[in-house]
Structure formats: structure tokens, C-alpha cells
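Dear colleague,

Please find below the sequence and the structure that I am handing over to you. My notes on what was found follow directly after.

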Amino acid sequence: MTVPPLLTPPSWHSPAWRGHPIRQQPQWPDPDEVAAVTDRLALLPALTTASDVRSVLAALARVQNREAFVLQGGDCAEPLGPTAVTGARDKHRVLGAVAERVSTCLDLPVVTIGRLAGQFAKPRSSAVEEVAGRRLPVFRGLTVNGPRPHEDDRTPDPYRMLSGYYTARNVLRELAALAHGTASAFAPQTWDPAAAREVAWNRREEAAPDGSLRSLVQGYGQTRWTEDGGWRHTGLWTSHEALLLDYESPLTRQDPVTGEWFLLSTHVPWIGDRTRHVGDAHVEFLAGIANPVAVKIGPGAEPAEIVRLCRRLDPYRRPGRLTLICRLGARGLRERLPALVTAVRRAGHPVVWMSDPMHGNTTTTATGVKTRHLKDMLDEVTDFFDVLRGMGEWPGGVHLEAAAAEVTECVGGTRVARESDLGEAYESLCDPRLNNEQLMTMADMVAKLAV
Ligand code: PEP
Ligand code: MN
């Protein structure tokens, strides 16, 4: 057996992204506070393990080889604290149900990945917004600032990153408990940013003094391939947008045996459509880690640019390493996707193609409510399958924002028949999510298209 080349040269090190142009970062008021938090994060135990990350890489290689399908979903922006833990429990149940449904129709395993245990920081189209005549920093997710339109809440606070770490740790413990069928591992924790300040200095005993790969949890959420070639679904792998590099960078750890660097804040990090420029910090950061990585591709993406991105992120053309998540919009996909597929195929990169039918279909109602219409999302998924099938490629999966609750954030179905119904239960911290009914309609459509 030939040993594949290492994904990252051992000479790489996690701050290698520094010095490259970086977008979408908060203006932290005090650099000393940021340094205190990042130093602390670097000493805390990893949240995932290199061996689990390698398992997800192998699972995604099977997707790329048409032997499995991916379902990725969750909130646009995750809450902090106990709500995140109960939210993860609900996502585990609902995404599990969708995965089972799709899997039964396809007769293939569905690799199920939550947008959770770290899906906090958000890229925004503007750095400031005007509220009641005052200019305020925009809300950038709960590991940066608060959503309340007030200076106190909107001023970025780096200690929120520690709250995010402890929240993610408890979410992962909960997922592990669910996957292993044990009692809830829920434990009260330090999610309050003020308490996180205290804990930063008083809980030294939790530190892994060697900054090593030691993790508190492992072996949760997975689609396990059994020895007889079958598979068993046990739960959720985790993913989030690797946006806030002050949070991600200290959670990279080096495998002492192979020298590879792993991002152990999650299993599958992705970067967004706004931060995927070759030469920029986010691409340099992903280039250096050995995890399977994903990139969102929006309507502005040029084929040549995406090929350069593939070359930087997947130089060894390794199956499972790179997923391209298309969010081209129902009205743009047929025109744009074929050229992207042709270019990537010619360049020889074995990517997983996924569809995010959410982010290219966001609209604002006449009364200023951000929403999405289920019909547009179903249309985009339909076209995605159609185009890829027509080109002889495997439509590898879907990426959804879904609430696991009866929210009224997207239009479609019986509960939100029209835009005027959106006010009833609009709870998202950021983008509008599918409710259960809408998610099941989407699941049925995906199951039908995938066979
Ligand atoms: C998101 O996934 O919430 C997001 C901001 O996506 P994109 O980068 O595709 O806009
Ligand atoms: Mn979103």
C-alpha cells in the first residue's frame, strides 16, 4: 500500500496566516485582552481528535466516490450556553430523521454533519449599521458581540471566545452522550462572558500543559463503516465557519507522530464566500490544516479563481479533502455551475460537490424582514442535481440552515403560507432557517432527486 503524502508540511505552523490580508474580523478594543484569551485557548484541551477528523476525511472520500451522501445543517448562528446544548440535542434528532429518510431512499449511508459546536461568528455585508439614527458596529455572532442594538452589547469582547469554547465543549459532550446512548452529559458551565473572564485565570487545572492533542471527548457523531462493509449511523459530526482566526488558530494542534496540524475546534471547518480569496489569511489557514475542508462558492466565483483555490487547498488531489458548497441562487445556478464543474474536473481535483440552497436565495420583504422562499430553495436543489447528473458528476450532498423547531423564518408550507406569517416565531440570531415542516419537504425532494 502506498502511503499518501502528508496533507500539511510539518514546517507549517498555525500562525502562518498572520501577515496575509484578512477580512471580516472584529475590531477588538484591547489587543492585550485578545492575547490573554488566545494564550488561554492554546492551553485548553482540544475539542475534537485527530483520529475522528481522519474518520470524517475517509467518510467524505467515500462520498466523493459515490458511496455516500452528505447532509449538513443547523443554525445560521449558534447560541451560547445551555440553549446551544438543548439546540444540539434537537438538531441531532431532526437531522438524524432526515438522514434516515434520505439514506433509506438512496440505500446509501448519509454522512451527517451539524453546523454546531462552534458556529458562532458571522461574516457581514457591512461593518456598521444605523439604528435609530446611531451608527453601531454590526452584530458579528455571539463569540464577538451581542445582538442588542446598543454600544455596550455591540462592542467586541474577546472573552466571548472563551464562552464559545466552553459552549462547544458541552455541545460535544452532549453529542457524545447521544451517540453512545449514555445519559445526558450536560453540565453547567462557564458560558457567560463575565464568568469566562474569571475562569480564564482560576481554572488552570484544565489546561493541557503541553498544548497537545489531548481532547476531552471523542468518538461521537459518526457514520461508522462496519467490518462487513455495512454502516451504522450514530450521530453528528461537527462543522462551522472558520471565520474568527483568533479563536481557531490556538485550537490547531500538531500530531506528534506525523507532524500534521489539525484544527481541533471541529471536524470539518469551512470558509465562506466572503473570505475565500487565494492569498488571504483564511485560505492560508485552511491550506495548513489536515482536516477535510469546505468552501462556499457564490455567484461571483470565476472558474479560474476556483481552480487556483483548489490547487492551494488540495495540492495532493486527495479524495475527501475538499468540498465545494455551491450557493449560486435558484436563478443563477444553471448558468454558472457547468463552467465551475468543467474547470475543476479539468484541473483534476476530486472534490465533493454540495448544494447550499439557502444563501443564494435570501430576500427582504417590503417590511424589511430577511427571509427565503421554500420554492426557490427547492428549485436550486433540483437544478443542482440536474446539472451535476447531466455532467456525469455525483451531487454529493446538501447544506441547510434548519431550526429543528416550528419557527416562522422562511416562507412556504402550511405554517408560513405567506410573508405576513413571518412575525409569529422569528427567532434566528442571523439568517432565516427552515422549520420542521419545510425541512421535511426539502428532505423528500432531496430523497426523490438523489435516487
Ligand atoms: C453561512 O453559511 O451562514 C454564510 C454566511 O454563508 P456564505 O458564506 O455562503 O454567505
Ligand atoms: Mn447563514
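**Findings**

Of the 451 residues of the protein chain, 50% count as buried; a residue is buried if 20 or more other C-beta atoms lie within 10 Å of its own, exposed if 12 or fewer, and partly exposed in between, with C-beta atoms placed from the backbone. This is a predicted model, in which local features need pLDDT of at least 70 and side-chain atom pairs count only at pLDDT 80 or more, while totals for chains, interfaces and linings use all residues. Residues are numbered from 1 along each chain as its sequence is written, and chains are lettered from A and ligands numbered from 1 in the order in which they are written.

The protein chain has 12 helices and 16 strands; these are DSSP runs numbered from the N terminus, helices being H or I of at least four residues and strands E of at least two. Among contacts in the protein chain with a separation of 6 or more, 75% are between residues 24 or more positions apart. Two residues are in contact if their C-beta atoms, placed from the backbone, lie within 7 Å.

**Strands**

Strand β1 (residues 69–74) is mostly covered, with six of its six residues buried. Phe69, Leu71 and Gly73 point one way from this strand, and Val70, Gln72 and Gly74 point the other way. In a regular strand the side chains alternate between the two faces of the sheet. Strand β1 runs parallel to β2 (residues 110–115), and six bridges join them; strands pair if DSSP finds at least two bridges between them. Gly73 has Gly114 of β2 as its bridge partner.

Strand β10 (268–271) has parallel partners in β7 (residues 237–241), through three bridges, and in β11, through two bridges. His240 stands opposite Pro269 in β10, and the bridge partner of Ile271 in β11 is Val295. Val268 and Trp270 point one way from β10, whereas Pro269 and Ile271 point the other way, and all are buried.

Helix α8 (281–288) is largely enclosed by the rest of the structure, because eight of its eight residues are buried. Its buried residues, which include His282 and Glu284, pack against α7 (245–248), β9 (261–263), β10, β11 and α9.

In helix α9 (residues 303–313), the buried residues are Ile306, Leu309, Cys310 and Leu313. They lie on the same side of α9, because they cover an arc of only 100 degrees around the axis, the arc being that of the directions from the helix axis to the C-beta atoms. An α-helix has 3.6 residues a turn, so residues three or four places apart point the same way. The buried residues of α9 pack against α8, β11 (293–297), β12 (322–326) and α10 (333–347).

The largest nonpolar core has 115 residues, of which Val102, Val171, Leu286 and Cys326 touch the most other members. The largest share of this core, nine residues, comes from helix α5 (residues 160–180). Such a core is a set of buried Ala, Val, Leu, Ile, Met, Phe, Trp, Tyr and Cys residues joined through C-beta atoms within 7 Å. Leaving aside neighbours within four places in sequence, Leu286 is in contact with Ala242, Pro269, Ile271, Val293 and Leu313.

**Ligand 1**

The residues around ligand 1 are Cys76, Pro123, Gly272, Asp273, Arg274, Lys296, Arg327, His359 and Asp431, each with its C-beta atom, placed from the backbone, within 6 Å of the ligand. This shell divides into two nonpolar, two polar and five charged residues. Here Ala, Val, Leu, Ile, Met, Phe, Trp, Tyr, Cys and Pro count as nonpolar, Asp, Glu, Lys and Arg as charged, and the others, Gly among them, as polar.

**Individual loop residues**

Arg317, in the loop between α9 and β12, has a positive phi of about 50 degrees although it is not a glycine. Arg317 is partly exposed, with 14 other C-beta atoms within 10 Å. Ala404, in the loop between β16 and α12 (436–450), has a positive phi near 60 degrees. Ala404 is buried, with 24 other C-beta atoms within 10 Å.

Trp394 lies in the loop between α11 (374–390) and β16 (395–401). Trp394 counts as partly exposed, with 17 C-beta neighbours inside 10 Å. Not counting residues up to four places away in sequence, Trp394 touches Arg66 and Leu388.

With kind regards
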